[in-house]
Amino acid sequence: ESCTTPRNSRASTLAPAQARAAMWAAVKAASVKQENLVNLMQVDMLQLSVTQTQLDNLCLQSTLIIGFTLSILSGETLKPLVDDSEQSCIWKSTAALAFGHILFYMIATCIGCCIVNICLISYLKQHSQEAALTVSTGAAAAITRRHIHLVNTLFVTAMICFSIAAAFLV
């Protein structure tokens, strides 16, 4: 009996120590897992922030393009296009009329693409911020990344139309 007593007492002192060690290991593992989740969320928030900054820049540039395109429609530009005595009158020949149609089509397309782009960016930013609050930051970043191609395509289309319209005036 004396031989079994020290073993049992040693086993009984090791068991709580091992249980404490296992408990601390589980706490440490949960802490690391939580820290990893927070780091992942921070990366997603950074990606979302960068994407939304890009969207802000595209929105500002679209607004500027609208202003420059509307300046093409100013009186100083339109008067020579419709005045019979001017060389660039669109009513003088069929080629000049085609030139006028292309010019006004490009202006209308440019303004339309920019307006749609501004509305789409506004909706996209609002929707991604809502998703970041209600679903997850990863979902918000994915929603934004999924639609960024359409926003870029509209912007490039507007820039091409603006460039063509500006070239026609020169």
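The chain has four helices and zero strands, where helices (H or I, at least four residues) and strands (E, at least two) are DSSP runs numbered from the N terminus. In order, the elements read α-α-α-α. The radius of gyration is 33 Å, well over the 15 Å that the globule rule gives for 170 residues, so the chain is more spread out than a compact globule. That radius is taken over C-alpha atoms, and the rule is 2.2 Å times the number of residues to the power 0.38. Along the principal axes, the C-alpha atoms fill a box of roughly 125 × 20 × 20 Å.

A word on the source. This is a predicted model, in which local features need pLDDT of at least 70 and side-chain atom pairs count only at pLDDT 80 or more, while totals for chains, interfaces and linings use all residues. Residues are numbered from 1 along each chain as its sequence is written, and side-chain values use heavy atoms, with hydrogens and water left out.

Next, contacts, meaning heavy atoms within 4.5 Å. Of those with a separation of 6 or more, 73% are between residues 24 or more positions apart.

Now the rings. The whole structure holds two aromatic pairs; rings of Phe, Tyr and Trp (its six-membered ring) pair if their centres lie within 6.5 Å, with planes under 30 degrees apart stacked, over 60 edge-to-face and the rest tilted. Phe 68 and Phe 162 are tilted, at 6.4 Å centre to centre and 40 degrees between the planes. Phe 68 is in helix α1 (residues 4–72) and Phe 162 in helix α4 (residues 137–169), 94 residues apart. Phe 99 and Phe 168 are stacked, at 5.2 Å and 25 degrees.
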